[in-house]
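Please examine the sequence and the structure shown below before reading this report.

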Amino acid sequence: MKLTDTLNDLRRYLPIQFPLGAFIHNNMLLSFEDRPFAEGVAEAAKLFGAERALPESYYQDKFSRGRIQRRWVEHGIQQWLKDHAILPSVGGIKLENLLWQMMERPLNIPHRVAEAAYPDWVARCMRLRAPILPHPHISGKEWKHTFKEQLGEDANAFFHPLFIRFLSSYLDQGMSTWHNPDTHKSLLESFRAFVSGHKYFTPTWLKAVQEHLLELNSENVETWLEEYLRRLPFTVEPRTYLLDTLLELRGWAGMVNKFETESHLIPRFAPSIRLIEYLAIYLILEKCQYEEIIAHHSLTDMRVFYNPTPLQRLSTAQMAHILAHMEPLLMPEDSDDVTLQTVLDVVVKFHATERAVVWQQALDLSMRDQCLESLVAFRSQSRRPATLTPTARFYFCIDDREESIRRYLEEAHPEYETHGVVGFFGIDMKFKSFNHPEPILQCPPVVNPSRVVEEIELEGTSRPKSFGHVKWGQGNWHFWYGTRGALRSLPFTLLTGPVTSLALFMRVFFPHAATRMHSWMKQGLMPKTQTRIRFHADDASLGGYTVPEMAKIVATIFKFTGTLKDFPRFNFIVAHGATSSNNPYKNAYGCGACSGKSGIPNSQIFCGMANMPKVRDELRAHHGIDIPGEAQFLACYHDTSTDEILFFNRADIPKSEHAEVDKCLEALRQAGRDNSLERCRHFANARHIINEKMTFHHVLDRASSLAEPRPEYGHNNTAMVVVGRRALTRGLYLDRRCFLASYDASTDPQGETLASVLAGAVPVAGGISLDYYFSRIDNEVYGSGTKLPLNIAALLGVMTGSSSDLRIGLAKQMVELHEPVRITIIIEAEAEVVLRLVDAHPRMARMVKNEWIHFALVHPKTGELLLFQDGTFRPYAGKSVDLEVIHSSKKYAPHRRGPLPFVRVEAP
């Protein structure tokens, strides 16, 4: 295989995240989705040196609280025995019982055991063969591990900081005050110029780097790499060595790969860059550092280091300790040597890591059953009255964080109706706001935006910039560069120190007041400019939609939800986003369907389309949807961090209708306040809260606080997606763990609308779930560690400290409460339609058929629940459960900790 082909094959093992401005959730093991889930996770763990499960103690606590069903633990033990080709019993002893005892009483083999502690067992163990202890797998380059262990030399510590500093400046997205002057050059040429600047006090190894770079250019880099791999000073397969090289700084290598292969999705400037040049530079740095260490220690033959690690066998006392742990299942006088030998071998194989994986699988399947059994029980036990014609409709995003506010709204106002739709409302655009220099993506990353929509100043309001605008801008400019200059920073710090110290004090101890004061000052100096959005094709300069296109977008949302008639007077389109001051992962809290941004422009544009008379005529003529003239569509915004509600259409409605609209808005705002009370039960520093008013102020403060690393817990504990009629879940308490997408199969017999729903909902919800799953399982390898030492690097990502690899995944504070389970997706549709749609979408087919998600459906006519297993849908055989009945979510949820059971909510 050619080197370029090998490199293209290795790209799939690199992280897939974009720079922070376009950060979204995705399965970080995307390249392993072509194999079954358990197999892919095991292979990735071996490659990256990651854990496959949390510590045993985590699961034992879950088991003691009923979160893990015993039957799934037993199933996991039986499956483990089957996978390892071990007979279920030996010498009259059921190995399943033996292993279950190890699950209940974890066995850790001590390094030293006194033989006198187990005299009866020691005598028996003298005749047995000592099992070999499992050897921990070491990922990466063996010679670097050898250098570190035997010479105390960390080769990477010398050249990684230099290379990282260069990459930060070369790929910078606008954060650095110093602009790399060579970004117009190739990566190789720019790096040559970068190291040539180190002329004085240059270490020997860096002088060697400069010499090697002189003989290398962009044209001969492939030939140079092939020759380099042939001359490696130790035996290793070239493909493996290249992969190990890419994974040593996999965050940076993955970012270089994104810049090369998907430069059109980079938020700002993307220099011309190639991963092969990245590899060449890295290997030159590594080679020179290797030679420096060899020379420093006067080593001529590295083979002396490569002695096979001796096999470590158990001592007789350790074997006795194991067998004694198995009493009373085993007794010295009742067991023959064959039985004891088998028990020892099985126990050593079933070590802590293997036991934790069994626990993890049991937790995952227990949560899947809770989702499915609750849905079946609710359908059979609910006594809801017939649906009335709604007096108002609210269209929310399908996001799991909107489940609770929808529940509170419907509980307090049964006459209202809520629906879940994709949060970009079907508008596939890039949006150029009035205050933003460049268009930003406002649709899912899997959707290719068809046009750019821009916001412009309202006609007749144009005026020269005020004195406040000019001075505010100049002040920000001088403060930014003045405090970062080599000479000007001292006087700037002395002059501005008292003011900035006061501002810092306010942001830490009175965060919401500081935010309001800053907003008040800014608005006083710079009055808000009145704008409008040009989304009509005849009016837009950058791009817009024709009337038939607008009608199709609006019709798709209504067909999606099944709301084709009985439109009430007021229909609220509720976008969502998040506020946080201390959060480099802000986009992870935004609307995933809007690529991590707020959905405000999408909501406003959708309302503009639906209110347009020409669009309504088109809907009536070509889509069979008749919207009455008095029906209005109004744009709102829900901040999931503060639970505030904003309204944007007041100027567009007659004053005579303000009172009715305000009544609906107050109901929505009250639902937001109730929602904040439910959310606060997860916050450790909110346990003093005793009333709704305190709750609302608390969430406002934590969202604005500079000292708060947990503004909200985002998608913690996401476990389920339901795509179906609202009747399936209305009145079911789902603990903010469920994505709710409204869909009516009766209005979509061929599944045309369902196709677009699944194409967005399955990868997006699955990606969010798996991002949280792996970030929780091993936060150091798959996540980004604690937020506290994280620093933003060039607006690309975050580093631990001042110089590290770009961290991937989510921070510890974002996932610490998350139960790591695969998401369960339930579709209300016919099996034939769903299977056809799954097969037509390659990514979705891989996720479903390889069980990276749990997949089920509810037949829209019979109500039968089917679970996807072994490539087809089979009737679900779960146990029958009785759901607890409560009369108010406000009394059930607050002040209770941890995940709660799903229950029915019925008015008394």
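The sections below describe selected strands, helices and nonpolar cores of this predicted model.

S10 is paired with two strands described here. With strand S9 (residues 570-577) the pairing is parallel and involves 8 bridges; within this arrangement, Ile 573 stands opposite Ala 635 of S10. With strand S11 (residues 645-647) the pairing is antiparallel and involves 3 bridges. Here Cys 636 has Phe 647 of S11 as its bridge partner. S10 and S11 together form a hairpin, with 5 residues between the two strands. Asp 643, in the turn, has a positive phi of about 60°.

## Cys 664 in helix H26

Helix H26 covers residues 658-679 and contains Cys 664. Is Cys 664 buried or exposed? Its relative accessible area is 5%, and buried means under 20%, so Cys 664 counts as buried.

Beyond its neighbours within four places in sequence, Cys 664 is in contact with Ala 392, Phe 394, Tyr 416, Phe 570 and Phe 572. Glu 292 is 372 residues from Cys 664 along the chain, and the C-alpha atoms of these two residues are separated by 73 Å.

## Helix H8

Helix H8 consists of 15 residues, 156-170. At 1.5 Å a residue, H8 should span 21 Å, and its end C-alpha atoms are 20 Å apart, which agrees.

Because 11 of the 15 residues of H8 are buried, this helix is largely enclosed by the rest of the structure. Among the buried residues of H8 are Asn 156, Phe 159, His 160, Leu 162 and Phe 163. Ser 168, Ser 169 and Tyr 170 are also buried.

## Nonpolar cores

The largest nonpolar core has 240 residues, and Tyr 278 and Leu 754 are those with the most contacts inside it. Helix H14 (residues 275-296) supplies the largest share of this core, with 14 residues. Another core, of 21 residues, lies apart from the largest one. Its members include Phe 396, Ile 645, Cys 664 and Ala 671.

Which residues are in contact with Leu 754, leaving aside its neighbours within four places in sequence? They are Val 723, Tyr 743, Asp 748, Ile 827, Ala 829, Val 833, Val 834 and Leu 837.

Notes. Residues are numbered from 1 along each chain as its sequence is written. This is a predicted model: local features need pLDDT of at least 70, side-chain atom pairs count only at pLDDT 80 or more; totals for chains, interfaces and linings use all residues. Side-chain values use heavy atoms; hydrogens and water are left out. Two strands pair if DSSP finds at least two bridges between them. Helices (H or I, at least four residues) and strands (E, at least two) are DSSP runs, numbered from the N terminus. Buried means under 20% relative accessible area, exposed over 50%, partly exposed in between (1.4 Å probe, protein chains only). Contact means heavy atoms within 4.5 Å. The expected span of a helix is 1.5 Å times one less than its number of residues. A nonpolar core is a set of buried Ala, Val, Leu, Ile, Met, Phe, Trp, Tyr and Cys residues joined through side-chain atoms within 4.5 Å.
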